[in-house]
Amino acid sequence: MKIDLTDTTSSKINKALVRGRRAIGTPAVGMVLTLVIVTDEENAYDALKAAGDASREHPSRLLVVIRRVSRTLRDRTASRLDAEVRVGADAGTGETVVLRLYGEVADHAQSVVLPLLLPDAPVVVWWPVNAPLDPAKDPLGALAQRRVTDTYASEQPVRELSARAQAYTPGDTDLSWTRITPWRSMLAAALDQVTCEVRAVEVEGEEFNPSCELLAMWLADRLDVPVKRSPSTGPGLTAVRMDTSCGPIALDRADGRLATLSVHGQPERAVALKRRDTAELIAEELRRLDPDDTYASALKFGVERLNAPPAPAAPPAPAEEPVAVPVAKEEAAK
């Protein structure tokens with residue numbers, strides 16, 4: 001069921017939600033959280049589809065905030081809020097409200113969203129594109145327990161990682177980090193099988209892929225060993241190779257679907273390591289609403305420290321010249 005509201009208010013939208021639930025015969029609310037999606041018109045469809053698929057695992061109220069660009073000065077000074085309310089089969093397992101903000105109201109989206117949040121339920125804000133540099137200080141981000149960004153969608157992903165590290169606040173996370181969860185699990189399992197010391201690591205992947213940088217920073221931070229970042233043609237991450245005291249350990253994925261795990265002294269194993277779509281990534285992020293300390297530690301390690309040349313060894317101290325011992329006058333007289 002869809003209800004279109006033109007030049008409306010948050011109060012009227014809430015009434016439309018109640019009316020829609022009653023019309024389809026489901027007055028009870030069984031949703032576990034509110035997911036606020038802040039996007040533009042171009043990316044709204046893909047983001048809403050991914051969130052709708054994720055809501056099958058996490059029934060939620062989806063609030064899609066779209067700031068419409070006004071073309072004339074008259075339109076910029078006029079404020080208007082249009083909404084599309086979806087309940088029932090049109091909203092998956094929850095409810096969906098698409099908010100289109102025009103004029104000055106676009107600068108005060110938090111005032112529109114706040115009355116529509118589910119009472120006593122967690123709030124997650126997701127920016128598929130054009131995320132603020134400091135999500136926690138954004139007016140919408142301040143309403144949430146978790147703030148999800150995606151550095152892969154930025155123009156300069158590596159530089160964006162540095163900005164994220166400087167502005168990190170507990171509750172921030174990144175879909176570029178979520179993408180490497182299977183890699184981290186597989187590498188940790190491989191190291192659990194051996195009792196070797198890791199001496200060096202090489203991470204191979206696309207040159208400007210933030211997931212590759214995050215995986216390299218995670219390995220450098222957890223293992224405290226040099227990590228070399230090597231570019232490849234992709235897709236995404238292609239290989240991780242470890243030099244250990246017991247022999248090499250490698251996880252290679254050339255086609256983006258099937259990987260080969262090689263541990264010295266053991267037969268090679270084929271493991272499923274396909275690239276996941278956005279719906280799976282969002283569903284994973286919604287499973288935990290507490291701060292991700294592992295992500296914070298890897299992010300703050302700093303992308304600048306990867307491939308950094310080792311600090312030059314301190315030059316040896318100059319040999320001390322022998323000090324002449326004065327001869328006693330009596331000995332000199334002899």
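Reader: Which residue stands opposite Ile-249 in S12?

Author: Met-242 stands opposite Ile-249 in S12. This is a predicted model, where local features need pLDDT of at least 70, side-chain atom pairs count only at pLDDT 80 or more, and totals for chains, interfaces and linings use all residues. Residues are numbered from 1 along each chain as its sequence is written, and side-chain values use heavy atoms, without hydrogens and water.

Reader: How do you know that S11 and S12 pair?

Author: Pairing needs at least two bridges found by DSSP. Six bridges join S11 (residues 237–244) to S12 (residues 247–252), so the two strands pair. They run antiparallel.

Reader: What makes S10 and S14 edge strands?

Author: S10 (227–232) and S14 (269–272) each pair on one side only. The open sheet has six strands in the order S10-S9-S11-S12-S13-S14, with mixed pairing, and its twist averages 20° from one strand to the next.

Reader: How are helices H7 and H8 packed?

Author: H7 (residues 181–192) and H8 (residues 210–223) pack at about 35°, their axes 11 Å apart; angles run from 0 to 180 degrees between N-to-C directions, with axes fitted to C-alpha atoms. The contact (heavy atoms within 4.5 Å) involves Trp-183, Arg-184, Leu-187 and Leu-191 of H7 and Leu-215, Trp-218, Leu-219 and Leu-223 of H8.

Methods. Helices (H or I, at least four residues) and strands (E, at least two) are DSSP runs, numbered from the N terminus.
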